[in-house]
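Hi,

Here is the structure I said I would pass on.

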Amino acid sequence: MKALSYGEITDGGLSVFQSVARLDDDNRLVLTFEGAIRIDNPYRYLSSYLDELARVLPQHPITSTVMDFVKMRFCNSNGFYVIMDIVDAVYNLVPGRVTVRRILDDDSQHETLPILLNLNEEHVAARTTFEDVKEP
């Protein structure tokens with residue numbers, strides 16, 4: 001798997017949130033979200049990541065996408081806007097199906113992810129499927 005882009009938020013020298021965009025051997029984009037976004041201005045840390053995604057994604061022959069939210073523990077309301085921008089970049093710049101991995105028994109993910117993904121848009125909903133997994 002080849003890492004395309006990496007975004008991280010640190011607090012006190014420790015990583016509290018990270019997102020990594022990787023291309024697997026089948027030209028599938030695997031985008032992971034891990035940790036917690038609790039800060040007031042996540043754009044300060046992730047704006048370069050968003051810029052990098054917009055620059056790099058169109059350069060690769062991506063066939064489909066997996067967005068993995070299984071290890072994302074928390075996201076405050078300001079963080080939702082950053083996640084929405086990352087998701088928008090993928091839907092606007094990458095063709096093909098999108099599989100969203102989420103925790104099976106996490107009501108918050110089941111309620112918020114469809115909103116963050118903008119599933120009320122037909123063209124987005126038509127490309128998106130969910131994979132519910134047991135909490136790791």
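**Y43 and its surroundings**

Leaving out residues up to four places away in sequence, Y43 touches L50, Y81, V82 and D85, where contact means heavy atoms within 4.5 Å. Before I go on, the ground rules: this is a predicted model, in which local features need pLDDT of at least 70 and side-chain atom pairs count only at pLDDT 80 or more, while totals for chains, interfaces and linings use all residues. Residues are numbered from 1 along each chain as its sequence is written, and side-chain values use heavy atoms, with hydrogens and water left out.

Back to Y43, which lies in helix 1. Helices (H or I, at least four residues) and strands (E, at least two) are DSSP runs, numbered from the N terminus. The side chain of Y43 makes a polar contact with the side chain of D85, at 2.5 Å. By polar contact I mean a pair of N or O atoms within 3.5 Å; within protein, one must be able to donate a hydrogen and the other to accept it, and residues adjacent in sequence count only if both atoms are side-chain atoms. Y43 is partly exposed, with a relative accessible area of 30%. The cut-offs there are buried under 20% relative accessible area, exposed over 50%, and partly exposed in between (1.4 Å probe, protein chains only). For a sense of distance, the C-alpha atoms of Y43 and E111 are 23 Å apart, with 68 residues separating the two along the chain.

**The strands**

Strand 1 and strand 2 run antiparallel and are joined by nine bridges; two strands pair if DSSP finds at least two bridges between them. E8 stands opposite Q18 in strand 2. These two strands form a hairpin with two residues between them, and G12 in the turn has a positive phi of about 65°.

Strand 2 also pairs with strand 3, again antiparallel, over seven bridges. Here L23 stands opposite L29 in strand 3. D24 is buried, at 11% relative accessible area, and its side chain reaches the backbone nitrogen of D26 at 2.9 Å. N27 has a positive phi of about 60° although it is not a glycine. Most residues other than glycine have a negative phi. At 28% relative accessibility, N27 counts as partly exposed.

Further along, the pairing is parallel: strand 4 (residues 64–75) and strand 5 (residues 98–103) are joined by four bridges. The chain gets from strand 4 to strand 5 through helix 2 (residues 77–93), in a right-handed β-α-β crossover. Right-handed here means that, with the strands pointing away from the viewer, the path from the first strand over the helix to the second runs clockwise. Strand 5 pairs with strand 6 (residues 128–133) too, in the parallel sense over six bridges, and R102 has D132 in strand 6 as its bridge partner.

**The core**

Which residues have the most contacts inside the largest nonpolar core? They are F33, M67, F69 and I83, in a core of 33 residues. A nonpolar core is a set of buried Ala, Val, Leu, Ile, Met, Phe, Trp, Tyr and Cys residues joined through side-chain atoms within 4.5 Å. Helix 2 gives the largest share, six residues. Leaving aside neighbours within four places in sequence, the contacts of F33 include F17, M67, F69, M72, I83 and I86.

**Helix 3**

Q109, L113 and L116 are buried. Seen down the helix axis, the buried residues of helix 3 fall within an arc of 65°, so they line one face; the arc is that of the directions from the helix axis to the C-beta atoms. They pack against strand 4, helix 2 and strand 5. On the other side of helix 3, D107, E111 and I115 are exposed.

At the start of helix 3, a side-chain oxygen of D106 comes to within 3.0 Å of the backbone nitrogen of S108. After the helix comes N118, whose phi is positive, near 60°. N118 lies in the loop between helix 3 and helix 4 (122–127), and at 27% relative accessibility it counts as partly exposed.

Cheers
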